Amino acid sequence: MVTVVAETASEKRETFAVAKMNIAQSRQTHQKYRVIGHPTYIVFQDGKVVGRFGGVLTKKQLIDNILNAIDN
């Protein structure tokens, strides 16, 4: 999974930024965004949550989900 996220971040750096967080180290963030399962992906645009999804994904699924969230 880490490889998929890292590859996506590298390949799509012109389109969007990818950041990774160890939610166990930030209880406040965990609660604020109501993270229940792992992995959880939260998509932000202009500081607002525009999408969220979770589970083990292929690189294509990850990219498609992110692009769908920022296009809406």
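Analyst: Asp46 is exposed, because its relative accessible area is 76%; the label "exposed" applies over 50%, "buried" under 20%, and "partly exposed" in between, with a 1.4 Å probe and protein chains only. Keep in mind that this is a predicted model, in which local features need pLDDT of at least 70 and side-chain atom pairs count only at pLDDT 80 or more, while totals for chains, interfaces and linings use all residues. Residues are numbered from 1 along each chain as its sequence is written, and side-chain values use heavy atoms, leaving out hydrogens and water.

Where does Asp46 sit? You will find Asp46 in the loop between strand 1 and strand 2 (48–54). Helices (H or I, at least four residues) and strands (E, at least two) are DSSP runs, numbered from the N terminus. The backbone of Asp46 deserves a look too: its phi is near 55°, a positive value in a residue that is not glycine. Most residues other than glycine have a negative phi, and most peptide bonds are trans.

Val49 belongs to strand 2 and counts as partly exposed, because its relative accessible area is 42%. Which residues does Val49 touch, once its neighbours within four places in sequence are left aside? The partners are Tyr33, Ile42, Val43 and Phe44, where contact means heavy atoms within 4.5 Å. Tyr33 is 16 residues away from Val49 along the chain, and their C-alpha atoms are separated by 9.3 Å.

Tyr33 and Phe44 are edge-to-face, because their planes stand at 90°, with the ring centres 5.4 Å apart. Tyr33 lies in the loop between helix 2 and strand 1, and Phe44 in strand 1, so this pair ties together parts 11 residues apart in sequence. Both Tyr33, at 22% relative accessible area, and Phe44, at 40% relative accessibility, count as partly exposed.

Tyr41 and Phe53 make a stacked pair, with 5.2 Å from centre to centre and 25° between the planes. This pair links distant parts of the chain: Tyr41 is in strand 1 and Phe53 in strand 2, 12 residues apart. Are these residues buried or exposed? Tyr41 is buried, because its relative accessible area is 13%, and Phe53 is buried as well, because its value is 15%.

Arg34 lies in the loop between helix 2 and strand 1, and its phi is positive, about 50°, although Arg34 is not a glycine. Arg34 counts as exposed, because its relative accessibility is 68%. Pro39 is found in the loop between helix 2 (27–32) and strand 1 (40–45). The peptide bond leading from His38 to Pro39 is cis, with omega near 0°.

Further back, Lys12 is in the loop between helix 1 (2–11) and helix 2. Lys12 is partly exposed, because its relative accessibility is 26%.

The protein chain has 3 helices and 2 strands, and from the N terminus on they run α-α-β-β-α. Its radius of gyration is 12 Å, close to the 11 Å that the globule rule gives for 72 residues, so the chain is as compact as a globular protein of that length. That radius is taken over C-alpha atoms, and the rule is 2.2 Å times the number of residues to the power 0.38. Along its principal axes, the C-alpha trace spans about 30 × 25 × 20 Å. Of the 72 residues, 25% count as buried. Among contacts between residues at least 6 apart in sequence, 34% join residues at least 24 apart.

Conventions:
Phe/Tyr/Trp six-rings, centres within 6.5 Å; stacked < 30°, edge-to-face > 60°.
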